Amino acid sequence: MTIPSAIAALQTLLGEGLSLSKSDLELHGQSETHFPLTPPDAVAYPRDTQEVAAIVKICAEHRCPVVAWGTGTSLEGHSLAVRGGVTVDLSRMDKVIEVNAADMDVRVQPGLTRQALNTELRATGLFFPVDPGANAALGGMAATRASGTTAVRYGTMRDNVMGLEVVLADGQIIRTGSRARKSSAGYDLTGLFVGSEGTLGIITELTLRLQGQPQATAAAICAFPSVGAAVDAVITTIQMGVPMARIELVDAASAAAVNAYADANWPDTPHLLVEFHGSDAAVTADVTTFGEIASDHGGTGFDWSTKTEDRNRLWQIRHDAYYAVLASRPGATAVVTDVCVPISRLAEAIADTQADIDASPIPGPILGHVGDGNFHAILLVDPDDLTQRQAALDLSHRMTQRALAMGGTVTGEHGVGLGKMPYMLAEHGPGWAVMSQIKKALDPGDIMNPGKLCQHN
């Protein structure tokens with residue numbers, strides 16, 4: 001059995017729904033970060049679950065690798081076809097199937113993006129809260145257990161996926177979970193597939209938990225003299241029980257990049273960007289409390305607004321910070337890495353990382369979802385300079401070792417993909433072998449996104 005024989009069978013099945021064009025293959029071989037171009041042998045565009053199942057059955061029969069693709073916004077090479085095979089692009093499966101407003105849940109197809117879902121929900125007074133920044137596909141967000149700026153209040157995809165439809169490695173279709181708010185019925189198969197990065201099956205439908213639109217929303221920004229002062233303000237805010245909807249850190253280098261890219265006028269110092277949700281009275285009280293905390297920790301220029309246009313501009317600037325940092329070094333690519341540590345160790349972890357970057361030959365601005373101890377370093381390198389690339393990988397390695405020593409994790413939200421595979425044993429110990437056993441049980445032929453997340457030998 002070979003990949004060409006699988007492609008021949010898929011051409012018969014899909015016709016124009018299977019692409020072999022060089023441009024399409026290269027598009028699906030790209031990564032948002034430093035990983036090299038790795039095109040698949042073919043790209044399939046299924047229209048429904050039955051076609052996904054048929055594609056997987058053919059690939060299983062021919063021992064052909066299968067890699068699911070959402071919008072390609074992952075940062076650790078999750079969707080690269082490192083062993084060739086067929087990329088299954090789910091972008092045509094992008095429908096809202098059913099909105100259950102009374103129960104505050106929704107059923108969607110995997111190719112639907114989070115922004116498209118929230119546009120569809122506007123008339124209901126509900127919204128889907130998980131916001132990783134990129135306008136990612138919801139199936140991919142579940143597969144990578146995405147989180148982002150609002151996780152401090154609303155949780156990650158793990159907390160907001162109630163059930164799934166999944167095509168397994170033999171083409172079998174299963175459903176996990178339900179629309180009930182809790183269950184004691186057996187293993188949590190939904191939790192197993194959320195974060196599995198396409199290595200156990202392809203998600204073809206999701207049931208998601210929704211939230212009510214808050215009566216009032218306010219966003220604010222505040223400059224601080226140091227990262228340590230900003231993080232101390234975060235810790236105090238959390239310890240006082242102020243219910244933050246978002247609390248984001250940008251360091252001085254990121255602020256400078258944002259100023260140049262977005263025509264902002266932030267001081268070139270660390271900043272906290274925050275948002276509050278609730279009633280009018282509660283939001284006003286929370287903003288006042290945070291302003292006092294920020295002042296106590298040296299914060300200046302505290303500016304807040306309830307105007308939609310002001311809030312949207314602030315968060316658009318934050319979401320574009322990665323592109324602002326890239327633009328600060330024209331021609332550069334980035335090794336983008338994230339770690340997550342207990343909140344009490346966050347200031348120390350960031351300070352040590354900053355010192356490490358300052359001593360290196362490359363720049364590395366830092367951004368963070370500091371409300372849950374998660375931060376990112378964007379390590380900028382000349383793509384043709386192997387010395388710089390190695391320096392960035394060495395910095396990333398030391399970040400992971402530091403996080404593990406502090407009781408944290410090597411990735412808070414980017415996932416494992418290719419980049420964090422070398423650290424799975426250090427983080428999980430014998431538990432990593434258990435993951436491999438699960439993989440072998442569900443995918444004995446190792447066709448589902450092979451070479452990612454766990455070993456199969």
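This is a predicted model: local features need pLDDT of at least 70, side-chain atom pairs count only at pLDDT 80 or more; totals for chains, interfaces and linings use all residues.
Colleague: How many bridges join strand β8 to strand β10, and what makes two strands a pair?

Modeller: There are 7 bridges between β8 (residues 161–168) and β10 (residues 201–209), and the two run antiparallel. Two strands pair if DSSP finds at least two bridges between them, so β8 and β10 are a pair. Residues are numbered from 1 along each chain as its sequence is written, and side-chain values use heavy atoms, with hydrogens and water left out.

Colleague: What makes β5 and β9 the edges of their sheet?

Modeller: The open sheet has 5 strands in the order β5-β6-β10-β8-β9, with antiparallel pairing. β5 (96–100) and β9 (173–177) each have a single partner strand, so one side of each lacks a neighbour in the sheet. From one strand to the next the twist averages 15°, an angle between N-to-C directions of axes fitted as lines to C-alpha atoms, on a scale from 0 to 180 degrees.

Colleague: How do you know that β17 pairs with β13 and with β18?

Modeller: β13 (residues 244–250) and β17 are joined by 2 bridges and run antiparallel, with V250 opposite L367. β17 and β18 (residues 374–381) pair in the antiparallel sense over 4 bridges, and H369 stands opposite N374. Their hairpin has 4 residues between the strands, and G373 takes a positive phi near 80°.

Colleague: Why are both faces of β17 called covered?

Modeller: In β17 (residues 366–369), I366 and G368 on one side and L367 and H369 on the other are all buried. Buried means under 20% relative accessible area with a 1.4 Å probe, protein chains only; exposed means over 50%, and partly exposed lies in between.

Colleague: What makes α12 a helix, and what span is expected of α12?

Modeller: Helices are DSSP runs of H or I of at least four residues, strands are runs of E of at least two, and both are numbered from the N terminus. α12 (residues 308–319) has 12 residues. The expected span is 1.5 Å times one less than the number of residues; for α12 that is 16 Å, and the helix reaches 16 Å from its first C-alpha to its last. Buried residues in α12 include R311, L314 and W315.

Colleague: What makes a space a cavity and not a pocket?

Modeller: On a 1 Å grid over the protein atoms alone, a cavity is a set of points where a 1.4 Å probe fits but cannot get out; a pocket is an open set with protein on both sides within 12 Å along at least five of seven lines. The whole structure has 1 cavity of 30 Å³ or more. The largest cavity has a volume of about 40 Å³, and its lining residues include W69 and H78.

Definitions and conventions. On a 1 Å grid over the protein atoms alone, a cavity is a set of points where a 1.4 Å probe fits but cannot get out, and a pocket is an open set with protein on both sides within 12 Å along at least five of seven lines; lining residues have an atom within 4 Å of a point. Grid points are joined across faces, edges and corners, and a volume is the space filled by probe spheres set on the points.
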